[in-house]
Amino acid sequence: MKIEEITEDLSSTAISPSIQDGTQAENADDLLFDALERSPAMAEMQGKSGAEILADLNKSPLFMTELEDNDAVEALKVLAYEGTPLEVATGFKERGNETFVIKKYKDAQEFYTQGINVLLLEVRKRQRGEKTEHPADPAEIKRQVALLEASLVNRAACNLELKNYRSCILDCASAIRINSKNVKAYYRSSKALLALDKITEADDSCARGLALDPENKSLLAVAQAIIKKNELVAARKKKELELAARKRQEEITLKAALKARGIRTRKTDQPPEMEDAKIQLVPDPADPASSLSFPAVLLYPLHLESDFIKAWGEMEPMGHHLDYILPVPWDKAHEYTPTGVECYMETISGGLIKVGRKVTLLKVLSTGNVEVVDEVVKVFVVPKAKAEAWITEFKRKKASEK
């Protein structure tokens with residue numbers, strides 16, 4: 001939430017002179033409205049009488065509408081305590097202060113909330129023209145407004161400690177609506193905004209506070225923290241942009257390398273999970289002079305087994321991989337030896353192409369008859385003695401699929 005979203009110009013939301021110098025307004029409610037009239041939501045009400053303002057507020061009240069029905073019920077309960085609303089709310093504020101000092105922030109937050117609800121309930125009653133048990137004179141309402149401001153700022157402190165940063169910002173915003181010169185509100189909102197990485201908004205809030213109190217040590221500390229955080233964020237963004245640019249360059253270079261070699265690739269809707277295995281240029285993915293490397297899988301269709309090769313260099317022959325993979329532990333008949341098998345790859349048309357031991361991967365893939373699907377090269381491996389029968393069965397199955 002940006003501070004600018006709270007008001008177009010916070011410098012214009014100062015407490016009205018009638019509150020600051022103690023001059024009484026025509027009636028109690030007018031005094032309350034004087035305290036709020038310069039907020040954005042009240043700007044359109046300038047020049048209206050107290051009665052007209054009351055009528056408009058009944059349709060569109062300011063932040064007082066945050067008092068929901070359940071809050072009103074709770075406020076009515078706490079009013080069962082002896083004393084006027086101001087006295088009751090003051091009591092809750094004092095309890096909140098006591099618990100805040102001993103770092104029971106959640107309890108303190110609840111006490112401040114109770115006091116705030118009591119004060120807001122009184123405002124709502126006046127807005128609705130309802131009679132109150134303790135009618136307030138202008139001076140009393142002036143004190144209520146001051147207490148509401150203090151309670152909001154104190155609850156903001158609790159929310160800041162509890163890491164409820166957005167709630168902290170909202171409480172500070174409400175306090176600033178009442179008094180645009182509340183330095184604590186600017187300080188706490190800047191801290192909360194900084195915690196949310198809202199650097200620009202935090203800087204704005206901090207600057208507004210320092211404009212009121214240039215020597216405020218807390219705000220000066222926040223200003224330094226903002227500068228440091230901004231440097232870190234800027235460095236992080238710079239690194240992210242560099243990585244993104246590097247990734248784009250690698251993708252462009254890889255695509256160009258595949259095209260230059262005449263290697264065909266295709267992706268399906270359900271590619272296999274291969275973690276970090278992928279087609280890439282090595283040693284430098286962004287260097288066109290690098291060599292292509294492919295993930296590959298050796299399939300043993302007669303035994304429903306397989307072996308995975310994470311990186312098969314384009315200039316490596318078939319025999320290079322057969323020599324270290326074969327024999328395999330599950331081959332009890334000793335049919336799978338480096339020289340006792342034949343290897344095949346499926347063509348685009350659904351046929352088979354035989355791959356000899358000395359044939360490099362590049363030579364096979366650059367023929368244009370084979371495509372790499374989902375970045376995986378697939379090779380069928382069968383014993384020489386059973387190769388002819390397997391080929392016949394493979395072709396039969398392919399024909400039945402058409």
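Author: The side chains of Lys-125 and Glu-122 meet in a salt bridge, with 3.8 Å from N to O; the term stands for a side-chain nitrogen of Lys or Arg within 4 Å of a carboxyl oxygen of Asp or Glu. Both residues lie in helix H7, 3 residues apart, which is about one turn of the helix; helices (H or I, at least four residues) and strands (E, at least two) are DSSP runs numbered from the N terminus. Lys-125 is buried, with a relative accessible area of 15%, and Glu-122 is buried as well, at 3%, where buried means under 20% relative accessible area, exposed over 50%, and partly exposed in between, with a 1.4 Å probe and protein chains only.

This is a predicted model, in which local features need pLDDT of at least 70 and side-chain atom pairs count only at pLDDT 80 or more, while totals for chains, interfaces and linings use all residues. Residues are numbered from 1 along each chain as its sequence is written, and side-chain values use heavy atoms, with hydrogens and water left out.

Helix H7, residues 105-127, also holds Gln-109, which is buried, with a relative accessible area of 9%. Gln-109 touches Arg-155, Cys-158, Asn-159, Leu-162 and Asn-164, not counting residues up to four places away in sequence, a contact being heavy atoms within 4.5 Å.

Glu-314 forms a salt bridge with Arg-261, the closest N and O atoms being 2.8 Å apart. This pair links distant parts of the chain, since Glu-314 is in the loop between strand E4 (305-313) and helix H13 (318-325), whereas Arg-261 is in helix H12, 53 residues apart. Glu-314 is buried, with a relative accessible area of 5%, but Arg-261 is partly exposed, at 22%.

The side chains of Asp-276 and Lys-310 likewise meet in a salt bridge, at 3.2 Å from N to O. Asp-276 lies in the loop between strand E1 (264-266) and strand E2 (280-282) and Lys-310 in strand E4, so the pair ties together parts that are 34 residues apart in sequence. Lys-310 is partly exposed, with a relative accessible area of 47%. Finally, salt bridges that share partners join Arg-246, Glu-250 and Asp-284 into one network.
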